[in-house]
Amino acid sequence: MINSNNNSRREFIKKAGLGSVGLAFGMSAKSYASIMGANDRVRMGFVGVNGRGNGMTKNFARQVGCEVVYVCDVDATAMAKTIAGLENISKKKPKGVKDFRTILNDKNLDGVYIATPDHWHAPAAILACQAGKHVYVEKPCSHNPYEGELLVEAARKYDRIVQMGNQRRSWPRIMECMEELKSGAIGKAYFAKGWYTNNRKPIGKGKQVPVPTNLDYELWQGPAPRKPYQDNLIHYNWHWFWNWGTGEALNNGTHEIDVMRWGLGVEYPTRVTSFGGRYAYQDDWETPDTQVINMEFPGGIAMTWEGRSCNNYPVEGSPRGAIFYGDKGTIVTTGDNDYTIYNMDNKVVKKVQDEAKTNTTDPAGPGDKLDAYHINNFLDSVRNNKRPNGDIEIGHKSVLLCQLGNIAQRTGRVLNCDPKNGHIVNDKEAMALWRREYEPGWEPKLV
């Protein structure tokens with residue numbers, strides 16, 4: 001376990017640059033482990049390793065002072081693949097476990113990384129907090145607003161470090177961009193526009209078939225009301241079904257909306273609207289493939305997000321990004337760790353670029369180097385007992401904006417919201433979507 005009193009080793013780690021990506025990638029975790037004391041290592045269990053989780057497990061393992069102890073997945077094939085991929089990275093071979101809940105009893109386990117489908121994110125994170133584990137949970141941090149509020153409460157009640165995977169919060173150039181906005185580089189920033197585009201293909205009409213022998217579908221469903229297994233659901237298309245997923249708005253829009261909320265300095269909205277639908281194809285896909293969410297905030301500030309899952313024509317030459325408009329200029333960031341400032345004559349005032357470029361539509365993530373910034377921020381926060389860059393309260397507020405957009409979309413109405421907490425006012429039907437129905441016995445709760 002982490003020894004919070006081991007100040008001498010901590011100072012050495014800081015001086016050695018543990019939090020720096022250069023060191024993390026310049027020396028293997030195996031070789032560096034002999035330098036670090038056992039009490040400085042963060043021992044992690046990984047939950048959900050088929051896609052994003054597979055790459056992140058290896059990225060965590062490469063970071064100095066991090067030990068991968070468990071790899072958990074309801075799909076035996078995915079679990080075995082990830083463990084095999086760690087062979088040349090990890091000092092010790094991690095243990096494969098199907099049901100992650102059993103690892104929470106291990107007193108030597110410091111933290112849990114969660115990359116399950118969305119419907120498991122908050123329930124799994126809450127269980128981990130209750131067991132005394134720190135948590136890195138991928139976006140979105142919750143399937144619905146109720147879960148997000150409950151997870152924030154759990155993090156505070158059990159005094160755990162909980163970081164969401166809004167990794168741009170740790171990207172140096174984006175952090176610099178936010179400082180530029182705060183310092184008035186474009187005057188008062190009053191409007192922001194974000195976007196995400198892709199060229200996703202139809203998922204067809206699913207057929208009910210026997211559950212594959214390598215998959216525990218009952219555990220995969222977990223807190224969600226039970227639905228029959230069908231052949232176009234797992235491992236990725238669950239994103240587009242309301243029972244398990246949250247659509248493109250939370251799958252990818254979370255990143256741009258988080259950056260826009262950060263840059264504009266806003267928290268909860270006063271009004272939210274959305275329009276769109278499943279336009280491109282006729283199949284089982286339930287969430288919008290085309291969606292525009294508009295949000296207004298106190299103080300004359302607004303933002304909009306455009307999602308096009310099935311048409312990848314770029315904006316500003318990029319598949320994703322965000323633009324901030326002010327009374328003295330404009331700032332553009334296009335999905336990478338960079339930004340450009342324009343004056344009111346649309347001439348470049350400042351251009352900041354990073355050599356690390358991202359595949360902005362890769363479901364596995366933006367790339368190891370950029371992910372490592374956020375990973376190391378989490379590990380450093382655990383060692384030093386401090387709030388991380390993507391603290392769960394920050395993450396929840398941004399995810400809530402996406403969720404409100406989906407509620408506006410599903411009800412077809414304008415949502416008026418309480419700017420103190422984001423709750424929907426004077427609309428019982430919309431507020432009914434604030435939380436979901438759970439499979440009996442699987443309801444997330446605090447104890």
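Contact means heavy atoms within 4.5 Å. With that in hand, let's explore this predicted model together.

**Exercise 1. Get an overview of the protein chain.**

Step 1: Begin with the elements. The protein chain has 14 helices and 15 strands.

Step 2: Turn to burial. Of its 447 residues, 59% count as buried.

Step 3: Look at contacts between residues at least 6 apart in sequence. Of these, 71% join residues at least 24 apart.

**Exercise 2. Describe how helices H11 and H13 pack.**

Step 1: Two packed helices are described by the angle between their axes and the distance between the axes. Here H11 covers residues 253–264 and H13 covers residues 392–411; the angle is about 115° and the axes lie 9 Å apart.

Step 2: Name the arrangement. Angles of 65 to 115 degrees count as roughly perpendicular, and H11 and H13 are therefore roughly perpendicular to each other.

Step 3: Find the residues that touch. H11 contributes Gly253, Thr254, Ile257, Asp258 and Arg261, while H13 brings Ile394, Lys397, Ser398, Val399, Leu401 and Cys402.

Step 4: Five are nonpolar, three are polar and three are charged.

**Exercise 3. Follow helix H12 to its end. Is H12 mostly covered or mostly uncovered?**

Step 1: Check the length. H12 (residues 368–384) has 17 residues and spans 24 Å from first C-alpha to last, close to the 24 Å expected at 1.5 Å a residue.

Step 2: Check the burial. H12 is mostly covered, with 13 of its 17 residues buried.

Step 3: Look just after H12. There, Asn385 takes a positive phi of about 50°.

Methods. Residues are numbered from 1 along each chain as its sequence is written. This is a predicted model: local features need pLDDT of at least 70, side-chain atom pairs count only at pLDDT 80 or more; totals for chains, interfaces and linings use all residues. Side-chain values use heavy atoms; hydrogens and water are left out. Axes are lines fitted to C-alpha atoms, for helices over the stretch in contact, and angles run from 0 to 180 degrees between N-to-C directions. Helices (H or I, at least four residues) and strands (E, at least two) are DSSP runs, numbered from the N terminus. Angles under 35 degrees count as roughly parallel, over 145 as roughly antiparallel, 65 to 115 as roughly perpendicular and the rest as oblique. Ala, Val, Leu, Ile, Met, Phe, Trp, Tyr, Cys and Pro count as nonpolar, Asp, Glu, Lys and Arg as charged, and the others, Gly among them, as polar. The expected span of a helix is 1.5 Å times one less than its number of residues. Buried means under 20% relative accessible area, exposed over 50%, partly exposed in between (1.4 Å probe, protein chains only).
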